[in-house]
Every structure is written in structure tokens, then in C-alpha cells.
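Please find below a note on the model under discussion.

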Amino acid sequence: MRIDVVTIFPEYLGPLDLSLIGKARASGLLDVGVHDLRTWTHDVHRTVDDSPYGGGPGMVMRPEPWGEALDALASDGGARLVVPTPAGQVFSQALAHELAAEPHLIFACGRYEGIDQRVLDHAATRMPVTEVSLGDYVLFGGEVAVLVICEAIVRLLPGVLGNADSLADESHAHGVLEAPVYTKPPEWRGRGVPDILRSGDHGRIARWRRDQALLRTAQRRPDLLAALDPGTLDKRDLAL
Ligand code: SAM
């Protein structure tokens, strides 16, 4: 997969060199380019913003540098543009899977009051454009959102996780949250580990985990439980 990020703060994307994303890059599973939007400006001040038409506070990102950046980065014809914005569809594991299947993603990091709408409208005439929100709050810029989205996507790429089984039962893989997890020691500050997890009975452990996952989801995210496909529930699930 190829990921290009356009931003006025390339240093903000430094974490893309670290941890498992850095390893995926080093092993050739992932190719990342971080680009300074100001590369595509032509005035002495390297201007990327201007006052909004119609008045109002703040500044808006001018379309010209964005247009040139996208012309340069999307020339392969196979890219999908992802634009973080609080006005977008809320990011989810399902969207992470969808984006992980793309060969080439271009992220456009907005700042100020956002990017001139014509950039997105024009880009949509030549590539898929997806506006994505991290949630119902407002950040300074799109960089942190890109880090979040990239991390969720890259861990889904085949070969990135040491043990791909980690993905199978984690939260949001099947519409429920994951059961609580425990490790050694068996006793810590007066608290033990549920006996069942030390029983060696894999069938009962799997059932316990499923029960805990459903209970947790009911307590913490009843919205997820309500949205579960009834076809994915067995008799014991329904009895809970
Ligand atoms: N004026 C915009 C609005 O009200 O919708 C908010 C602009 S915000 C201050 C600047 C940039 O931060 C946005 O263009 C976007 O890139 C990013 N951003 C802010 N909140 C975000 C969120 N919840 N999800 C994704 N990106 C966000």
C-alpha cells in the first residue's frame, strides 16, 4: 500500500516512522510519503490560506496549492483521497477495513477553517473522495486524525501484525467489545484471575469470553448491541 500525506506541518507525522508502522515501512509492506503543502505555493510568503468569502472568523485554505499537490500525487490514477473533517462520516473499523483494501491513499490535512470546498469537488471528478471525522469534537488540524486513521488501517494489512489472530476477536471485529484480558501473576494486590481462564478448557474459555464480550457491550455500548445482526447470535447469546 502507498500512503501520501499532505500537510503544512510535516513534523506532526513523525510517528509514522515509529513502532509497527515504521516496521511495515522498513519491510516494504507500506510506502509512505509526507509532503509539505507549501511546496506547491509560488509566492514569497508561501501562502496557503486566505479570508473566507462571505465573511466570518478564521482563514480558509486556498485551492491552488491543494490542486497542484493532488495533480502531482494522484497521477497514477489509482488513488483515493481521504479528508479528515469534523463534518465527515465517523471513522469506524468497517471503514478502516475498506481503506486498507486500497492500493493508494492520499490524506489531505486541513488547518484553520478547513479546505476550500472546490478542492474536494474537483478531486471527486477523478478519484473517490471520503471525508472522515474522528468524532463529534473539533481538533486544530487533520494531522492527528491521519495518525489515528493510518494506525487503524496499517494494522489490518497482511503481514503487519506478528500474529494475525489478534484481529479475530478484538473489539469491533464482530460488532461487540472484547472480553477483559489478564496475564501473570495469578494474584496481584489481592485480586485473582477468573478461574475459568486457568482451567485449560478451551471450549469453556471461549464461551466465557463470548459471554463477557456481550455483557460488556450491553453495559458500555448498548448501541452496538442493538445493531448486532441476530443471525450472528447463538442460543446461549440470546439467553444472556
Ligand atoms: N471549521 C471546521 C468545521 O467547523 O467543520 C473545523 C476546522 S478544524 C479547526 C481544522 C481541521 O482540523 C479540519 O479541516 C480537519 O482537517 C481537522 N479536524 C478537526 N476536527 C476533526 C475531527 N473531529 N475529525 C477529523 N478531522 C478533524
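The note takes up the domains, the sheet, the ligand shell, the annotated sites and some backbone details in turn.

1. The model is predicted, and the remarks below should be read accordingly. The domain assignment divides the chain into domain 1, residues 2-154, and domain 2, residues 168-239. The C-alpha centres of domain 1 and domain 2 are separated by 37 Å.

2. The unreviewed UniProt entry lists residues 1-225 under "domain: tRNA methyltransferase TRMD/TRM10-type". This annotation should be kept apart from the domain assignment, which gives domain 1 as 2-154 and domain 2 as 168-239. Across residues 1-225 the chain is 31% helix and 19% strand. The end C-alpha atoms of that stretch lie 33 Å apart.

3. The open sheet. Five strands form an open sheet in the order β2-β1-β6-β5-β7, and their pairing is parallel. The edge strands, each of which pairs on one side only, are β2 (31-36) and β7 (129-133). On average, neighbouring strands of this sheet are turned by 25° against each other, direction ignored.

4. Strand β1 and its partners. Strand β1, residues 2-7, runs parallel to β2 and is joined to β2 by six bridges. Two of the residue pairs may be named: T7 has D36 of β2 as its bridge partner, and V6 has H35 of β2. Towards β6, β1 pairs in the parallel sense over five bridges.

5. Burial of β1 and β6. Why is β1 described as largely enclosed by the rest of the structure? The reason is that five of its six residues are buried. Strand β6, residues 104-108, is mostly covered, with four of its five residues buried. In the strand order, β1 and β6 stand next to each other, between β2 and β5.

6. Strand β5 and the ligand shell. Strand β5 runs parallel to β6 and is joined to β6 by four bridges; in one of the pairs, R80 has L105 of β6 as its bridge partner. Strand β5 (residues 79-90) also gives the most to the shell around the ligand, contributing four residues. In total, 19 residues surround the ligand. P84, P86, G110, L139 and G142 are the closest. By class, the shell comprises 10 nonpolar, seven polar and two charged residues.

7. The unreviewed UniProt entry applies the annotation "binding site" to G110, L134, G135, D136, Y137, V138 and L139. Of these, G110 and L139 are also among the closest residues to the ligand in the model. D136 is placed in the loop between β7 and α5 (143-154). D136 is exposed because 7 other C-beta atoms lie within 10 Å of its own, where the limit for exposure is 12 or fewer. Y137 also lies in the loop between β7 and α5, and Y137 counts as exposed because it has 7 C-beta neighbours inside 10 Å.

8. Helix α1. A24 and R220 are 196 residues apart in sequence, and their C-alpha atoms are 33 Å apart in space. S19 lies in helix α1 too, but S19 counts as exposed because it has 11 C-beta neighbours inside 10 Å.

9. Backbone details to inspect. S19 has a phi near 50°, a positive value in a residue other than glycine. H172 likewise is not a glycine and has a positive phi, of about 75°. H172 belongs to the loop between α5 and β8. With 15 C-beta neighbours inside 10 Å, H172 counts as partly exposed. The loop between α5 and β8 (187-188) also holds P185. K184 and P185 are joined by a cis peptide bond, with omega about 5°.

Terms used. Residues numbered from 1 in each chain as written. Predicted model: local features only at pLDDT ≥ 70, side-chain atom pairs only at ≥ 80, totals over all residues. Near = placed C-beta within 6 Å. Nonpolar A, V, L, I, M, F, W, Y, C, P; charged D, E, K, R; others polar. Domains from an automatic or database assignment. Pairing = 2+ DSSP bridges. Axes fitted to C-alpha atoms, helices over the stretch in contact; angles between N-to-C directions. UniProt positions renumbered as here; feature names shortened; annotations may be inferred. Buried ≥ 20, exposed ≤ 12 C-beta atoms within 10 Å, placed from the backbone.
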